[in-house]
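Please take a first look at the structure below.

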Amino acid sequence: MADIIKLLPDHVANQIAAGEVVQRPASVVKELMENAIDAGATAIKLIIKDGGKTLIQVVDNGVGMTETDARLSFERHATSKISSAQDLFNLQTKGFRGEALASIAAIAHVDMQTRTNVNEIGTQIKIEGSKIVSQDVVATPKGTSISVKNLFFNIPARRNFLKSNQVELRHITDEFQRVAMVHPNIEFHFYNNGSEIFNLPITKPRQRIVHIFGSKMENRLVPVNEETEVVKVSGFICKPEFAKKSRGEQFFFANNRFIKSPYLHHAVVAAFEGLIKSDTYPGYFLYLDVDPSSIDINIHPTKTEVKFDDENTLYAILRSTIKHSLGQFNVAPVLDFDHDPNLDTPYSYKEKGAIIPKVTVDAAFNPFEETATQRSNGGGSFRKQSAKGWEDLYEGLGHQSDQNTFSSIVIESESEEQGTLYSGEEVEEHLASTFQLRRKYVVSTVKSGMLVIHQNRAHERVLFEKFLGEITVKEGVSQQLLFPLELTFNQQELTVLKEIHESLTNIGFAFQSLDEETVKVTGVPMMVPESGIGTVLDRLIADYTEGFADGSISQAEMLAKALSRNLAVKTGNVLDQESQLMLVNNLFACKEPTLSPFQKITYTIISEGDIDKKFN
Ligand code: ADP
Ligand code: MG
């Protein structure tokens, strides 16, 4: 038989390698920025057009390349950074594979201009799909400028796979931030479609974080510092009261590289135990310095996964270091747990079983306290439930859910302040009557027996379908605000807002502009109480960012889910008669009344037979 194994031509091999190194525009940004840093740049400019699909350009003032090096840099496994396998164990640079430029050049149109300190004149190389198109001498500043156009031009499948410009921009922003965060001694500029979105001057680590994440970070950061034989830990944690529902502001860097480590994340969370609610995540920016020989970054081409020699020790050190910081800066005792039953229902209460919950919340605390008066006349259609004290919080948590005792089946007391869900709307009264059980269920009779509706889930379903409809047909009713509300967002949050701007407008939100950190909200959907706008938007961004991580559902669906979850009546809310009826009618007018948008059962019917059995 004839020999059948052939060596792949270089351009094919490069394309295959590119598949690993370049997943999306953000990967190019990462590689180019890292090269600039390895080249000793003190100022780096990133220029993006159309989420990086049209242009990604990185300009640095580093050492530049000679003509020969410029040419060689596009060869696979050409690197100036290591020369022997031994060097792999003592990496001081970000790059070492010599694959990035070759890969990028294989799948895009690349234009490089570069000049070293000692040369008067620079080199310009244009290369498209691994083919050198031109090489010229050029007058160019010291340093290197690489522009990458038409990414994946020769791999249509990959190009089609790219997400919207806004989504790609968000990935790019993530990479940009991760790099900028470890190099406060380098000046960074980031332009998107002609406008500057980051301007980061040389500064101290703390200020760099503030510049990136917005001035609201200023009073949140608590320093962390510890030096042991195994590791030097530095950086910041966010005060526990700023723990968020979203994972987002959690950063580990090992030897100046951004890394992901669920294990070390766990160590941080463990240190915060008891100080934050279980469904929130602490923010942190932690820099670990370890002996380069004790860490292996070679596992994955995109290099965010690393292997430490002694993870267990690292875990223990990290945990105690953070505990120490929390204690030292007196963060622990000043904690205030905000638990607002209006906005915060434990969705997983079902799993909680019948154990008496440990009261670790300050029930009297109400995040809207200072605006309580504003809220009651804020045009929202929920009325706040009267804060009767912490017993109220137990309501609906189910610890007393002994359904067999007569006392647990009482109709909510008449004297309670009643919330109304729907005002001024006609209620179709085809149901005999309804009552509310434990501020959690709405109960009524139907032909076959007793109908029990889970008020929170049912309302989520109703709102979900309503919002989904509005987002797609753009018919949300907006309530104009008399005085525009000013809210502060960081760049990351702004990017998300821009991404979902159209959908938000469709359901009734109106913003004056989304280009500044301070955003003026001029209109909100009818459903949203004025005082809750900030919270709703924050959670929306958080939920959206979370949902985005799995990327499986459409933007409209994600938003409708997030909104319904944030705006639905909660377990613990008292509903007046009219609202109960409305809820029942609206639920059964839904396309899919049986399940909440989160796939939980919304109602059940207890048949006459079931009841009969109880009397046997
Ligand atoms: P690696 O970074 O792994 O070495 P790359 O393909 O990213 O591989 O780059 C190949 C080589 O090109 C680098 O080793 C470096 O010598 C040179 N190079 C790339 N970008 C720059 C830059 N911005 N300034 C100076 N030299 C660069
Ligand atoms: Mg590189």
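The sections below go from the basis of the model to its cores, surface and salt bridges.

## Basis

This is a predicted model, in which local features need pLDDT of at least 70, side-chain atom pairs count only at pLDDT 80 or more, and totals for chains, interfaces and linings use all residues. Residues are numbered from 1 along each chain as its sequence is written, chains are lettered from A and ligands numbered from 1 in the order in which they are written, and side-chain values use heavy atoms, with hydrogens and water left out.

## Nonpolar cores

A nonpolar core is a set of buried Ala, Val, Leu, Ile, Met, Phe, Trp, Tyr and Cys residues joined through side-chain atoms within 4.5 Å. Buried means under 20% relative accessible area, exposed over 50%, and partly exposed in between (1.4 Å probe, protein chains only). The largest core has 61 residues. Leu46, Val148, Phe188 and Phe285 have the most contacts inside it.

Leu46 touches residues including Val29, Ile56, Phe176 and Tyr191, leaving out those up to four places away in sequence. Contact here means heavy atoms within 4.5 Å. Another core lies apart, with 35 residues, among them Phe467 and Leu537.

## Helix α7 and the surface

Helices (H or I, at least four residues) and strands (E, at least two) are DSSP runs, numbered from the N terminus. Helix α7 spans residues 205-213, and its buried residues include Ile209 and Phe213. Gly214 follows α7 and has a positive phi, near 100°.

Ile4 sits in the segment before α1 (10-21). Ile4 is exposed, at 63% relative accessible area.

## Salt bridges

The structure holds twelve salt bridges. Each is a side-chain nitrogen of Lys or Arg within 4 Å of a carboxyl oxygen of Asp or Glu. One of them joins Glu493 and Lys216, at 2.9 Å from N to O. Glu493 lies in helix α13 (residues 491-499) and Lys216 in the loop between α7 and β9, so the pair ties together parts 277 residues apart in sequence. Glu493 is buried at 8% relative accessibility, while Lys216 is partly exposed at 23%.

Arg461 pairs with Glu465, their closest N and O atoms being 2.9 Å apart. Both lie in helix α12 (residues 455-473), four residues apart, about one turn of the helix. Both Arg461 and Glu465 are buried. Asp610 and Lys613 also form a salt bridge, with closest N and O atoms 3.8 Å apart. Asp610 is partly exposed at 34%, and Lys613 is exposed at 58%.
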